[in-house]
Amino acid sequence: PPVPPWSIENKTDPLTGKHTVYALLETEVEDNGRRGEAQVTATCDARYLEFRVRYSSKSGQDAVFKHTRTVFGYNSVSMRTRIDERAVKEEISNSEYVNEVMLGFLSDPVGTFSDIQNAQLIRIELPLVNGDTPVVEIRPQDPRLKDFINGCGVASRTMQRATVKQIGRAS
């Protein structure tokens, strides 16, 4: 099924006055016949782009990632990622939440994220404690995500935030 467009929302925190941009999308993922939902949050500034993936089960299973260790209250998760058809990479993510992983990218010397901006597909394998490994797909060429990434740090150099929710099923 076609991936729906991202919805963009502008909000201002009533206490701090900080302006935040959100792009909302929701994705269903599946492995071994068990379904779940992944929520991806992209944040960026002029130097760093980060994707946070939170997983929740729709099958009544525990929505917990397989942790390799806990250090200072943060859970370390070893996960596999792949950008387009490049080599699969093993990444380590640290989060205080048992159902969240993070994947980050540094900007290049001229202050852009050209590696990600030119990519067609980023895949993140989510290692769950029950042995399932659903895969979340991020498509950087989606026009709204592309605009968000292109704007990272350009205007005010402050942190922007987009929450990604892709409706549909991962194939």
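**Close-up views of a predicted protein chain**

View 1. Val-71, Phe-72 and Tyr-74 together make a nonpolar surface patch of about 360 Å². Patches are built from residues with over 30% relative accessible area and no salt bridge, like charges being joined within 9 Å and nonpolar side chains (Val, Leu, Ile, Met, Phe, Trp, Tyr) within 5 Å. Areas here come from the Shrake-Rupley method with a 1.4 Å probe, and for residues only the protein chains shown count as cover. Phe-72 sits in the loop between strand S6 (67–71) and S7, and is exposed at 80% relative accessibility. Buried stands for under 20% relative accessible area, exposed for over 50%, and partly exposed for values in between (1.4 Å probe, protein chains only). This is a predicted model, in which local features need pLDDT of at least 70 and side-chain atom pairs count only at pLDDT 80 or more, while totals for chains, interfaces and linings use all residues. Residues are numbered from 1 along each chain as its sequence is written, and side-chain values use heavy atoms, with hydrogens and water left out.

**View 2. Strand S9 and its partner S5.** Strand S9 (residues 100–106) is largely enclosed by the rest of the structure, because five of its seven residues are buried. Strands and helices are DSSP runs numbered from the N terminus (helices H or I, at least four residues; strands E, at least two). Strand S5 (residues 48–57) runs antiparallel to S9, and seven bridges join the two; strands pair if DSSP finds at least two bridges between them. Look for Leu-49, which stands opposite Phe-105 in S9.

**View 3. The surroundings of Thr-81.** Thr-81 belongs to strand S7 and is buried, with a relative accessible area of 7%. Leaving aside residues up to four places away in sequence, Thr-81 touches Ala-87, Val-88, Lys-89, Glu-91, Leu-103, Arg-123 and Ile-124. A contact here is a pair with heavy atoms within 4.5 Å.

View 4. The side chains of Arg-34 and Asp-132 form a salt bridge, 2.7 Å from N to O. Arg-34 lies in strand S4 and Asp-132 in the loop between S10 and strand S11 (135–138), so this pair ties together parts 98 residues apart in sequence. Arg-34 is partly exposed at 28% relative accessible area, whereas Asp-132 is buried at 3%. Arg-35 forms a salt bridge with Glu-28, their closest N and O atoms being 2.6 Å apart. Glu-28, Arg-35, Glu-37 and Lys-58 are linked in a salt-bridge network. The criterion is a side-chain nitrogen of Lys or Arg within 4 Å of a carboxyl oxygen of Asp or Glu.

**View 5. Two loop residues with positive phi.** Asn-32, in the loop between strand S3 (27–31) and strand S4 (34–44), has a phi near 55°. Asn-32 is exposed, with a relative accessible area of 56%. Asp-84 has a positive phi of about 50° and is found in the loop between strand S7 (74–83) and strand S8 (89–95). Most residues other than glycine have a negative phi.

**View 6. A region to read with care.** Residues 155–171 keep a pLDDT under 50, and the model gives them 66 contacts beyond four places in sequence. pLDDT is the predictor's confidence in each residue, from 0 to 100. Confidence is lowest in strand S12 (residues 160–164), at a mean of 42, and highest in strand S10 (residues 122–125), at 94. Where pLDDT is low, the predicted coordinates should not be read in detail.
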